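Please look over the sequence and the structure shown below before reading on. The report that follows is written for a reader who is new to protein models.

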Amino acid sequence: MLKPFALLFIFLPACPDNGLAQKGLKDYYKDYFPIGASVTPRSLSGPDADLILRQFNSLTPENAMKMGPIHPEENRYYWKDADSIVSFAQAHGLRVRGHNLCWHENTPRWLFKDSLGNPVTKEVLLRRLKDHIMTVVGRYKGRIYAWDVVNEAIADDSTVLLRNSLWYQICGDEFIIKAFEYAHEADPAAQLFYNDYNTERPEKRERVYRLLKQLVDARVPITGVGIQAHWSIYEPSEKELVTTIRRFSSLGLNVQITELDISIYPWEKERRELRPGESDSLTTELEQRQAEQYRKVFAVFRHFKGVLNGVTFWNVSDRDSWLNHYPVRGRRNYPLLFDRNLQPKKAYEEVTRFDK
């Protein structure tokens, strides 16, 4: 006959593992905002898919819905990759953010040229933009709750407002207005975002604000602004981030963190090769600094509960981060909450601790 304590041991439930399988980011933040990640079709099976389903409740296609991949020729669309991501999300009850409808990069060659290779007129380019947006947004109407409609239209040159892209050269600022109008026509229920980087830097923040105010004052159907959040252990400061969220939300717009990662290196934009002797190791000190930066920014995010209505990481784990290839080809980066073995890092612990 078994002794009482032996029976107790037998019938006690098995102890959970390290908690990763029991509670995810989406659970910690269920009373705050959806937590998402950008994904590729490759992410939708195996260990990556398991991690996504444990941790996230929103997905953004990393590249599959950009104009180049999804609309490579004027009369041809490629739906397979985008469809697979939307279908996966629907099957598992996840939200989807569409990214993106109009950008100066990753656009197909045919878009700005006529059959003779000459620049098209404004009328032709706007018609092509409308056809693209009506087709893409229309296909996913009711299945994608938010779109990055216009991406990175503000110039890097602080002396001017808008980037001197082919969109701007041919259409002036009208392409921005029309893109939002077309997207709203295609899906009146979707949230429509302007999305940009370095928005926390004061001079760019004010130029982004100026554009947003022009759109709001003109009653353009914009509903939100996306703060890309390609940050580092060096920036932004809490004050810069708080000021930015307050500034943009003062216009009555939703605010989302759309492409979050925190690099261990200082900001660079121009592509280059790895320099001789340049280290790309994640030291204990760098990992701790990254964890502290994540702690600070998520404390700010939680403070703005009700203003922020979404936070999305750009990629799932360090293994797949675009920052392993940009701006320095072949330099390892470690910008996310999960390492190359899909295990949570110190930064994960800080993000999920609300007592500091």
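The sections below go from the whole chain to single residues.

## The model and its overall form

This is a predicted model, in which local features need pLDDT of at least 70 and side-chain atom pairs count only at pLDDT 80 or more, while totals for chains, interfaces and linings use all residues. Residues are numbered from 1 along each chain as its sequence is written, and side-chain values use heavy atoms, with hydrogens and water left out.

The protein chain has twelve helices and eleven strands, where helices (H or I, at least four residues) and strands (E, at least two) are DSSP runs numbered from the N terminus. Its radius of gyration is 22 Å, close to the 21 Å that the globule rule gives for 356 residues, so the chain is as compact as a globular protein of that length. Here the radius of gyration is taken over C-alpha atoms, and the globule rule is 2.2 Å times the number of residues to the power 0.38. Along its principal axes, the C-alpha trace spans about 90 × 45 × 40 Å.

## Burial, contacts and charge

Of the 356 residues of the protein chain, 52% count as buried; buried means under 20% relative accessible area, exposed means over 50%, and partly exposed lies in between (1.4 Å probe, protein chains only). The protein chain exposes about 16600 Å², and carbon and sulfur atoms supply 51% of this area, which comes from the Shrake-Rupley method with a 1.4 Å probe.

Among the contacts in the protein chain with a separation of 6 or more, 77% are made by residues 24 or more positions apart, a contact being heavy atoms within 4.5 Å. The chain has 50 positive and 47 negative charges, and their mean positions are 2 Å apart. In this count Lys and Arg are positive and Asp and Glu negative, with His and the chain ends not counted, and the place of a charge is NZ of Lys, CZ of Arg, CG of Asp or CD of Glu.

## Cysteines without a disulfide

A disulfide is a covalent bond between the sulfur atoms of two cysteines. A search of the whole structure finds zero disulfides, taking a disulfide as a pair of cysteine sulfur atoms within 2.5 Å.

## Peptide bonds and backbone angles

Most residues other than glycine have a negative phi, and most peptide bonds are trans. In this model, a cis peptide bond joins His99 and Asn100, with omega about -15 degrees, and Asn100 lies in strand 3 (residues 95–103). A cis peptide bond also joins Tyr326 and Pro327, with omega about 0 degrees, and Pro327 lies in the loop between strand 10 (308–313) and strand 11 (328–329).

Asn106, which is found in the loop between strand 3 and helix 6 (122–139), has a positive phi near 55 degrees and counts as partly exposed at 36% relative accessibility. Glu152 has a positive phi near 60 degrees; this residue is found in the loop between strand 4 (146–151) and helix 7 (166–171) and is buried, with a relative accessible area of 9%.

Asn195 is found in strand 5 (residues 191–196) and counts as buried at 0% relative accessibility. Leaving aside neighbours within four places in sequence, Asn195 is in contact with several residues, including His99, Asp148, Glu152, Gly226 and Thr258. Trp103, in strand 3, is buried with a relative accessible area of 12%, and, not counting residues up to four places away in sequence, Trp103 touches Lys66, Asn151, Glu152 and Trp167. The C-alpha atoms of Trp103 and Gly306 are separated by 29 Å, and these residues are 203 residues apart along the chain.

Is Ser281 buried or partly exposed? Ser281 is partly exposed, with a relative accessible area of 41%, and its place is in the loop between strand 9 (272–273) and helix 11 (284–303). Not counting residues up to four places away in sequence, Ser281 touches Ile264, Leu286 and Tyr334. Ser281 and Lys130 are 151 residues apart in sequence and, from C-alpha to C-alpha, 46 Å apart in space.
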